[in-house]
Amino acid sequence: MADAKLIETAGLHAWYGTSHILHGLDFHIGKGETVGLLDRNGMGKSTLIRSLLGHVKQREGSICVAGRDVSRGKPHEVTKLGVAYVPEGRGVFPNLSVCENLIMAERAGVDGRRDWTVERVLDTFPRLKERLNNGGAQLSGGEQQILSIGRALLTNPDCLILDEANEGLAPLIVREIWRVIGAIRDTGIATLVVDRNYCTVLANSDRAVVMAKGRIVLEDSAAALAADDAALASHLGV
């Protein structure tokens, strides 16, 4: 795990209308680090992700990506700095084939890297190779999620944000996605993982952050938090 911070916030506040959601968050993701983000539902993790990506307009405090200040940045500006996002809703283009969904996303990373190509994605996800000419709408939910992850990798990102990537999927697909998350981790891409299964998140992360009511209440190595049953029960209700 590298010490340099790829994404960093300081004193981050965010609102939806008059609802104050985030309360002064100091948060970071190191280069090449996998961070698990945990909370009970509605405690702020989705708002944090949306703020990092530039989707929340009512925000204060600083956000830096790769040393660049994006405190008032727009989503496309954050993306250009090497941040890829796999949304909970998948966002697959239903009228395009699997091949077209992938090709339209393929580009070099911010430093010119092309480690991830369509061929590599298809080798990583054999299911997509079998469905190459199928339309996005013809895929199962699990296949759409795999396509969404593959498409994000084709931007050759420095950081990949996975928001509830396994929500509502069959156990076999869930195991496949965690396998790929592990492979991504090994390549040195920084990853922010949000998932309801906190045990699996902790087992596949370097560090974990627990939020409650828009604040960070726990932050430690994933191994240390996994061993602290009392703290997890207190803040996650497990």
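1. A residue counts as buried when its relative accessible area is under 20%, and as exposed when that area is over 50%; partly exposed residues fall in between. The remarks below concern the salt bridges of a predicted model.

2. With a side-chain nitrogen of Lys or Arg required to lie within 4 Å of a carboxyl oxygen of Asp or Glu, the model contains 12 salt bridges.

3. One of these pairs joins the side chains of R207 and E33, with an N to O distance of 2.7 Å. R207 belongs to strand β9 (residues 207-212), whereas E33 sits in the loop between β2 (19-30) and β3 (34-39), so the contact ties together parts that are 174 residues apart in sequence. Both R207 and E33 are buried.

4. A further salt bridge links K45 to D39, whose closest N and O atoms are 2.5 Å apart. D39 has a relative accessibility of 12% and therefore counts as buried, because the limit for that class is under 20%. K45 is likewise buried, at 8% relative accessibility.

5. The pair formed by D123 and K129 has its closest N and O atoms 3.1 Å apart. K129, at 46%, is partly exposed.

6. Salt bridges also connect several residues into a network, which comprises D111, R113, D115 and D158.

Methods. Residues numbered from 1 in each chain as written. Predicted model: local features only at pLDDT ≥ 70, side-chain atom pairs only at ≥ 80, totals over all residues. Heavy atoms only, no water. Helix = DSSP H or I, 4+ residues; strand = E, 2+ residues; numbered from the N terminus. Buried < 20%, exposed > 50% of the residue type's maximum accessible area, 1.4 Å probe, protein only.
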